[in-house]
Amino acid sequence: MQARQQGVDAAEVVGEILQGMLQTSRPVRLKDLEKQTGIASAKLHRYLVSMLRSGLVAKSADGSRYDFGLLAYRIGQLATHDPDELDLLEPFFKDFIDQLQDDDLGQAVGIGRWVGTGATMVKWFERDSPLSIRSNPGAQLGITTSATAKLLAAYLPAEVTKPLVLRELKERDCLTNANVKLVFNDYANIVSAGVANSIGARRTGLNALSTPLFDQSGKVLAAITILGMAPNFEAQLDGRAAELLMALGRQLSLKLGFSPSP
């Protein structure tokens, strides 16, 4: 509360307006922006006047709609040259792992990405724990077994993932048409549910949940994954940990500019 009191509320309102513009068709009408943000039109108008002066927004030719201004575009261009936008989200992941461990819902949070022809973990967040359960960054994950890899593979075209699935099933000595079908049915269910899990895939008793992080173009930028040990962490798709994880994924996707379909 003290930190919030030290901030400037006006900046938060501007942020809400910009987020609202990201999440609706542009150029946007005042009444549509009011509906999207929940900010009264009179208050919106006052802020938009200031944002017009600063260059954050611009008016359409007929003056009835608003779009991003030159300053907003310059900021966006600069941001696209940053080394990794995930670095900007680190405080959210650190707070999230604290929440999970306080509620005994997991012991580590990882960020996975699709690199080349496979999935790998690129970041880990872990509070004090008597047992380290992280995998080594850079280690390739099984796309038929790992929650992170299955999640990322589920959002890729089948022509990309099928050769990898066939190879992995062959290496596991379980390559059959029925098993291939099971893998792709699993992928379809993951996309539908928005979450994947794995039960003891890498180590007996080590379970995982994973959800997507979308970028502004609607593509999956990364997978957010919770790891934990049974019996405290059962990685249920309809459990409390999955609910919190998917909420985090939605929140951070919106911060990255993702606009979900109606």
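This is a predicted model: local features need pLDDT of at least 70, side-chain atom pairs count only at pLDDT 80 or more; totals for chains, interfaces and linings use all residues.
Me: Which residues of α9 are buried?

Reply: Start with the general idea. An α-helix has 3.6 residues a turn, so residues three or four places apart point the same way. In α9 the buried residues are V180, V183, Y187 and I190. They lie on the same side of α9, because they cover an arc of only 80° around the axis. N177, K181, L182, N189 and S192, on the other side of the helix, are exposed.

Me: What do the buried residues of α9 pack against?

Reply: They pack against α7, α8 and β7 (196-199). After α9 comes G194, which has a positive phi, near 80°.

Me: How is a pair of aromatic rings described?

Reply: By the distance of the centres and the angle of the planes. There are four aromatic pairs here. In one of them, the rings of Y155 and F214 have centres 5.8 Å apart and planes at 80°; an angle over 60 degrees counts as edge-to-face, so this pair is edge-to-face.

Me: Where in the chain do Y155 and F214 sit?

Reply: Y155 is in the loop between α7 (147-154) and α8 (158-171), while F214 is in strand β8; the two are 59 residues apart, and the pair links distant parts of the chain. Y155 is partly exposed, with a relative accessible area of 26%, whereas F214 is buried at 16%. Ring pairs join Y155, F214 and F258 into a cluster.

Me: Which aromatic pair do F184 and Y187 form, stacked or edge-to-face?

Reply: Edge-to-face, with 5.4 Å from centre to centre and 75° between the planes. Both are in helix α9, and being three residues apart, they are separated by about one helical turn. F184 is partly exposed at 23% relative accessible area, and Y187 is buried at 4%.

Me: Which residues have the most contacts inside the largest nonpolar core?

Reply: In soluble globular proteins, nonpolar side chains tend to be buried together. The largest nonpolar core here has 27 residues, and those with the most contacts inside it are F93, F96, L100, L209, L213 and I224. α6 (90-102), β4 (108-115), β8 (206-214), β9 (220-229) and α10 (240-255) each supply at least two of its residues. The largest share, seven residues, comes from α10. A second, separate core has 26 residues, including M121, W124, I143 and C174.

How values were computed. Residues are numbered from 1 along each chain as its sequence is written. Side-chain values use heavy atoms; hydrogens and water are left out. A nonpolar core is a set of buried Ala, Val, Leu, Ile, Met, Phe, Trp, Tyr and Cys residues joined through side-chain atoms within 4.5 Å. Buried means under 20% relative accessible area, exposed over 50%, partly exposed in between (1.4 Å probe, protein chains only). Helices (H or I, at least four residues) and strands (E, at least two) are DSSP runs, numbered from the N terminus. Rings of Phe, Tyr and Trp (its six-membered ring) pair if their centres lie within 6.5 Å; planes under 30 degrees apart count as stacked, over 60 as edge-to-face and the rest as tilted. The arc is that of the directions from the helix axis to the C-beta atoms. Contact means heavy atoms within 4.5 Å.
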